[in-house]
Amino acid sequence: MRLPEALQFEREWRGSMDELVRKATQLSLNFPIDNDVYLPESTRTVVMSYRARGILPPADRKRFTWDHLVRLLAARYLVTQGWKREDVAERFKEHSTDYLAKHLPELATSAVQAKPRIDATELQRVEMATIAVQLLAAGIVEQFGHAKRGAVLVQDDSMSQRLTQAMLLLAALFLQEGQDNPLGSVHQLLALSRSPLTSATFGLAVFDYRDFPYAGLLLLDPDRRIPTLDCAELARQSSSELDLREQLAFDALRSASEQLVGRQDEAYADLRLWITEHPVTTTAQLRDFVRETNLQAALGFLLSCYEPVGPRHLIHGQLHLCSACGVPMRRSPSVESLVACTIVQCSRFDKPVESIAHPTGPETLIARPHVLLYWVAPGLDEVALYRKAQKFGLSPRPYPDRDACDISLDGGAVGVDVKSYANPFVLAAALTANVGGLASYPTRIIAINDQALARFHGYLDIVRQRYSGPLPLRFMSVHELMKSLESPF
Ligand SMILES: [Zn+2]
């Protein structure tokens, strides 16, 4: 029996990600695609990378089905035949799972390997979808601001105008694709915005088009339900009057530092480093820190960055912290009984692990959601680079001149900004508009989070190509910069 026939017996199959990997491997080893052609075995990494490329639809409540099994094996086959994964994703959109299962052996030989040309209607749709997402990001940020002031979201005139406009454009896109609009309610739209922008989640094919710049972008952090860094940046780009500084909590840090007359810059850097390295702390530890560094005037500010342990921090009543970033973990979505890190910039993000509970008491404090998302998470690379540069005697300064850049090296000869936007188009647009204080450094480095690079195919090329600001910038991965710190610049 060949694989296409064997697959017909598995139609009722359901299982976890690990079971999917096992089932796919078992089928690959026992049944040939054709004659003597057998597929290589599958791994979790393969499944995760196919999910990231949109080849596999998201799991339904952690359960994978026959759809995933067929698409995984068909993609395995095409990739072994030299297909690029994005072309596989493109190709799969044309076919039902049934078709893929039955025609597996012919998939690689048929003449559709040539990329479909994008026509004018498609380009127009991509443009419309791009604007819709920019408005949606701005609307989410605006609405989030309203909510912070206590307003309840009601779908009427009190709702953010940008959100209303985004909904109208999305409705028009559904109409153009000949579909009913499932996003009539703003609550539905916001709930969906906790999933990546793909056709599988939103039901709009245009989100998977090759030229759509925001494919896979996440607008709301699913764990903390606040705008992601990319969302905040997109909102800033499209609506400059939206004030995000307050939201990103930098203003509070600035005014706390202002009170420390004569050493504002040093206080700013000390406070920011300390918070990034202490996502979980205790009131006693916090008081010791301000006493040792003579930052008592900032105690109120520091306390405002933390909250006591609450039920949403706990798993089965216990606190589990990531061994890499120190942030509270959640239950692993892929493997029951294990836990996983929630910080996308962390090297251990989403990797299911066993963990020993962290002791907690009434004194335990956890950084508030916006502090975790906007400071701690992007700060992980900054702190690692700073500590390493320190070790190698490169006289680094963290957040010099209250944030001119993230780290300066060699007495101010080199300025480094670390970026962890998930989307290279968002980053390129942000830098083209303004490189900020980095402009004042002779050598300007943009170091990009390794996890963000690994998730977006061609990230560095895209950002280099799209950046069109007047000042030359050097783009590299955080990993590469870490290595280059070992030998002098
Ligand atoms: Zn982590």
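**Exercise 1. In what order do the five strands of the open sheet stand, and what is the pairing?**

The model is predicted, so local features need pLDDT of at least 70 and side-chain atom pairs count only at pLDDT 80 or more, while totals for chains, interfaces and linings use all residues. Residues are numbered from 1 along each chain as its sequence is written, and side-chain values use heavy atoms, with hydrogens and water left out.

Step 1. Take the strands as DSSP runs (E, at least two residues; helices are H or I, at least four), numbered from the N terminus, and call two strands paired if DSSP finds at least two bridges between them.

Step 2. The order is then β10-β11-β12-β13-β14, with mixed pairing. Because β10 (397–398) and β14 (474–477) each have a single partner strand, they stand at the edges, and one side of each is left without a neighbour in the sheet.

Step 3. Strands β12 (residues 414–419) and β13 (residues 443–448) run parallel and are joined by six bridges; Val418 stands opposite Ala447 in β13.

**Exercise 2. Which residues line the largest cavity, and of which class are they?**

Step 1. On a 1 Å grid over the protein atoms alone, a cavity is a set of points where a 1.4 Å probe fits but cannot get out, and lining residues have an atom within 4 Å of a point.

Step 2. The lining consists of Leu385, Ala389, Ile407, Leu409, Val416, Leu481 and Leu485, with α17 (369–391) and β11 (407–409) each supplying at least two residues.

Step 3. By class, the lining has seven nonpolar, no polar and no charged residues, where Ala, Val, Leu, Ile, Met, Phe, Trp, Tyr, Cys and Pro count as nonpolar, Asp, Glu, Lys and Arg as charged, and the others, Gly among them, as polar.

Technical notes: 1 Å grid on protein atoms, 1.4 Å probe; cavity = no way out; pocket = protein on both sides within 12 Å on 5 of 7 lines; lining within 4 Å.
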